[in-house]
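Open the model in your viewer and keep the sequence panel beside it. The stops below are given in the order in which to select them.

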Amino acid sequence: MFLPALVLALAVGFCLYTYIGYPAVLKLLSLRARRATPRGSGSSVPRISIVLPVYNEAAVIGATLERVLTVEYPRDRRQILVVSDASTDGTDDIVAQFANRGVELLRLPKRQGKTAAENAARPLLTGEIIINTDASVRIDRGAIKALVAAFDDRSVGVASARDVSVTNVADRANGGEGAYVGYEMWIRDLETAVNGIVGASGCLYAIRAELHRRPIPDELSRDFAAALTAREQGFRAVSVPEAICYVPRGRSLHQEYRRKVRTITRGLATLAYKRVLLNPLRYGAFSWMLFSHKVCRWLLPWALVVALAAVGTLALTTVWARVVLAAGGIVGALAGVGWLRSAHASLPRVLALPAYVVVGNVAVLHAWLRLVTGRAAPVWEPTRRDMVSSS
């Protein structure tokens, strides 16, 4: 039974490194990291372009634009462009009502997806800094100014907001999502202190215009690619804690599962497209961070499958393995109950956390299968979230 025990030890060690070891090493490195480059006086106010790709967002786009119009940034130094991915629910008519307040509309004749919509908008953008955001989130009034201030540091090419997962105004909310988002933001803070983040928040991030103009294939993820493109061109991507973006939690695990399959499939394809950044001889510590944060996360479900097989083999002869297998069965059962209940009611933490973890890992496996079988990611369908309360 030596071989199953060794396989189990390696699989468990890999899992522990991914979620505990990697941030622990980052924490140690952050203690020795160089001080942040002093920022400028902030007296200059670069022109910005705020871009919102939308598809059938009639229920929220009006309120979203009202909030965007009130952000703390000079009106004469900003452009607001809504890119409609061939919406069919009256979204375009609502956006058109804001034309006299400076909101521009670009309608695509055929639905192509989020990255294609962002690509189509590039020739129309007039800003030095491009702000990318979503219709379903609420941007803090000072978030845009905080993101732009990050570019006073000439080494910064991308600035990412701090996502704050909040319970939406509906009765149902995915509690496990909130815990994971908080963990992810903590990791980004550590990465920023060491060498820069490896992926920006798709809900709200800013990028220098010259980097944004670089082509990204429509089937890839532009927010993930933004940080990678910045590194290729000698810039850093950073997380800006003061730039707060309130993100409503998904209505159900079923919705979150579909979102994860889509985003991870595109993420895997994006990493394959930018795989040169995994070469430590060229990109040093950043390659290690990219591997640890992204590749290890996406390989972890396979390690769990291997660990489960090893425990199953050991359970034939050892009592402790049977106990571990039984505990795994209990977690799986709780996750199954959470999956079934999430579409109809809010979940207590005892169900929400195991359900979110299990469903998230199954989504990664699903994404891998889509990638290796040559199936493209599902067409972009914005995550339908209830509006964040303004109180």
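Contact here means heavy atoms within 4.5 Å. Axes are lines fitted to C-alpha atoms, for helices over the stretch in contact, and angles run from 0 to 180 degrees between N-to-C directions. Helices (H or I, at least four residues) and strands (E, at least two) are DSSP runs, numbered from the N terminus. This is a predicted model, in which local features need pLDDT of at least 70, side-chain atom pairs count only at pLDDT 80 or more, and totals for chains, interfaces and linings use all residues. Residues are numbered from 1 along each chain as its sequence is written, and side-chain values use heavy atoms, leaving out hydrogens and water.

Select helix α4 (residues 114-121): it lies across β1 (48-54), β2, β3 and β4 (129-133), at about 145 degrees to β1. Next, take helix α8 (residues 222-232), which packs on the sheet and touches β6 (156-166), β7 (204-208) and β8 (236-248).

Now show tyrosine 183 and tryptophan 186, both in helix α6 (residues 175-194) and 3 residues apart. Tyrosine 183 counts as buried at 19% relative accessibility, whereas tryptophan 186 is partly exposed at 41%. (Buried means under 20% relative accessible area, exposed over 50%, partly exposed in between, with a 1.4 Å probe and protein chains only.)

Last, select arginine 111 and tyrosine 55: the charged end of the arginine sits over the tyrosine ring, 3.9 Å from its centre. Such a charge has NZ of Lys or CZ of Arg within 6 Å of the ring centre and within 35 degrees of the ring normal. Lysine 294 lies over the face of phenylalanine 224, at 5.0 Å from the ring centre.
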